[in-house]
Amino acid sequence: MIGLPVLYVIGGVFFAAMALLGAFDRGNPKRWGNLAFWGLLAVSFLFGSYIGDLANGVLVLALAGLAGFSALGPGKPNTTTPEERRESAARLGAKLFIPALVIPLVTLVGTFAFKAWTVGDAHVVDPKQATLVSLILGILCGLVLAVALIRPRPTVPAQEGRRLLDAVGWAALLPQTLAALGAVFAAAGVGQIIGAFAGASLPDSGPAGAILAVVAYTFGMAIFTIIMGNAFAAFPVMTAGIGLPLIVGTFHGDPVVMAAVGMLSGFCGTLMTPMAANFNIVPAALLELTDRYGVIRAQIPTALILLIANTVLMYVFVY
Amino acid sequence: MSLWPLIGIAVVVVGFVLRFNPLLVVAAAALATGVAFGLSTGLDVVAAAIKTLETFGKAFNDNRYITLTWMILPVIGLLERAGLQEKARDLVGAIKVLTTGRLLILYLLVRQFTSALGLTSLGGHPQMVRPLIAPMAEGAAEANLGPLTEPARMRIRAMSAATDNIGLFFGEDIFIAIASILLIKGFLEQNGIVVEPLALSVWAMPTAVLAFVIHGVRLWRLDAQLAKLNAPEAAQ
């Protein structure tokens with residue numbers, strides 16, 4: 001069965017290639033830092049399942065240390081000039097879009113097809129990982145088409161990949177590390193501690209109490225999501241602390257409206273926090289924004305207005 | 001109940017506000033919370049630190065799949081080298097009525113609609129925004145305003161990324177098999193309340209419409225803001 005173990009080997013080879021290309025970039029004063037960072041990540045992908053939890057923990061600390069003390073720096077792989085790109089764009093035309101669009105298309109089709117594909121009783125692809133396997137397959141299809149169209153020298157795709165990975169830098173690892181922080185928070189019961197505070201001081205009768213319960217729930221969802229970076233972590237805590245006992249219990253609100261609009265209030269929080277790195281910090285790095293928090297700044301007005309709108313919406317329809 | 005495990009949250013807030021490297025901040029927060037929790041259960045410092053590192057390391061290892069998505073970069077880089085962004089720019093620049101704001105409103109609508117059908121993978125920052133949407137949005141602005149100043153370019157890129165996120169978040173919850181709907185259904189069921197996924201997804205629609213209107217109005221006003229950001233006096 002094709003599943004995560006196979007993908008991790010492919011990923012390990014990819015990051016090892018990034019590490020080696022980085023190390024051979026003689027013009028980059030930080031090339032050894034790049035080698036260490038991407039090399040350690042390659043070790044994690046190739047051997048992470050065999051070295052034990054403690055060694056993995058030390059490995060994360062080493063990665064964070066390399067990033068924290070600015071050991072990484074972008075190299076300068078050869079790429080084309082803006083003039084060459086315009087000329088190439090004119091020559092290749094709209095065909096350039098094909099490899100880019102093949103990736104989401106293969107991901108989409110593969111996600112459905114792989115879940116259904118069985119030989120005998122066994123799945124060929126792990127159905128739980130169908131989307132991820134499809135994405136990697138889509139990437140490989142896109143790469144083959146792009147190479148056939150552009151006909152670069154063999155090392156060029158990897159060098160271009162390194163150019164972009166260097167631009168993203170340590171931020172590439174932030175989403176995974178934040179997920180690990182979430183696990184530590186969960187093991188330490190951080191959610192329960194906050195949940196114990198959440199409902200404690202709210203009034204439990206009268207029209208003002210009903211309004212306050214809704215406001216505390218929607219804003220609590222957003223604030224807790226800002227802290228944890230993930231509305232899924234906030235939902236059980238806030239719903240057990242405020243939603244179910246007060247809105248549904250005391251004030252007889254509709255659990256469907258409460259839960260649906262409550263989750264979306266959490267999403268408003270996701271738009272405002274650097275803890276949701278893959279949505280907010282990674283794109284800032286990918287788009288080479290000068291302000292690390294530029295995407296968050298662009299989202300805050302929409303998020304705040306929508307949070308207020310959600311609060312009104314819930315109050316009007318939940319009771 | 002000990003409050004000390006909350007110290008990790010304080011580390012995160014202080015670390016992000018003071019703009020320390022986020023990776024370092026996150027590792028420090030994990031250690032702080034984990035050790036504080038270990039101490040509160042009666043472990044000594046060394047044992048608490050080792051236990052924390054084990055939890056942190058195991059979770060990091062279990063979540064490696066998140067980082068796999070970067071394997072897309074060689075394809076995107078290769079296509080950029082051959083002029084993909086320039087082509088996307090030209091395509092939009094040729095259509096005069098397509099301003100940056102209007103283009104992003106259109107993308108918001110498409111992203112919300114496809115996400116509502118469960119097609120969330122038809123978007124995203126490495127796949128769509130960097131190679132196609134952001135260059136198109138810049139191209140539309142260049143066609144209308146001429147060469148862009150740095151602040152205008154940054155603003156366009158940030159709004160392109162924001163539009164992808166907002167379209168995804170406030171579209172996907174309409175799809176009945178999405179993770180968040182399943183989580184809600186499962187959690188309510190544990191608490192003795194049985195709900196239909198369809199009912200939850202119906203109640204995601206009003207917020208989806210509100211999100212489109214609110215963000216759409218902001219995008220509508222973006223063109224005027226860009227004209228101001230790109231005015232000669234703003235460049236100095």
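Helices (H or I, at least four residues) and strands (E, at least two) are taken here as DSSP runs and numbered from the N terminus. The structure is a predicted model, in which local features need pLDDT of at least 70 and side-chain atom pairs count only at pLDDT 80 or more, while totals for chains, interfaces and linings use all residues. Residues are numbered from 1 along each chain as its sequence is written, and chains are lettered from A and ligands numbered from 1 in the order in which they are written.

A:Glu288 sits in the loop between α13 (277-286) and α14 (294-318) of chain A, and its phi is positive, about 55°, although the residue is not a glycine. A residue is called buried if 20 or more other C-beta atoms, placed from the backbone, lie within 10 Å of its own, exposed if 12 or fewer, and partly exposed in between. A:Glu288 counts as partly exposed because it has 14 C-beta neighbours inside 10 Å. A positive phi, near 50°, is also found at A:Arg151, again a residue other than glycine. A:Arg151 belongs to the loop between α6 (130-150) and α7 of chain A, and it is exposed because 9 other C-beta atoms lie within 10 Å.

Helix α7 (residues 156-168) of chain A meets helix α1 (residues 4-23) of chain A, where the axes, which are lines fitted to C-alpha atoms over the stretch in contact, come within 10 Å and cross at roughly 85°. Angles run from 0 to 180 degrees between N-to-C directions; under 35 degrees they count as roughly parallel, over 145 as roughly antiparallel, 65 to 115 as roughly perpendicular and the rest as oblique. The helices α1(A) and α7(A) are therefore roughly perpendicular to each other. Two residues are in contact if their C-beta atoms, placed from the backbone, lie within 7 Å, and here α1(A) contributes A:Ala17, A:Met18, A:Leu21 and A:Gly22, while α7(A) contributes A:Ala158, A:Gln159, A:Gly161, A:Arg162 and A:Leu165.

On the scale of the whole chain, the domain assignment, whose bounds come from an automatic or database source, gives chain A domain 1 (4-174) and domain 2 (189-318). The C-alpha centres of these domains of chain A lie 34 Å apart, and their contact takes five residues from domain 1 and six residues from domain 2.

Chain B contains 12 helices and zero strands. Its radius of gyration, taken over C-alpha atoms, is 23 Å, whereas a compact globule of 236 residues would have one near 18 Å, by a rule of 2.2 Å times the number of residues to the power 0.38. The C-alpha atoms of chain B fill a box of roughly 70 × 50 × 35 Å along the principal axes, and buried residues make up 58% of the chain. Chain B is divided into domain 1 (4-62) and domain 2 (69-235).

Between the chains, 113 residues of chain A are in contact with 95 residues of chain B. Helix α3 (residues 53-68) of chain A gives the most to the side of chain A that touches chain B, with 13 residues. Leaving aside neighbours within four places in sequence, A:Ala180 is in contact with A:Val60, B:Ala30, B:Phe56, B:Ala59, B:Phe60 and B:Asn63.
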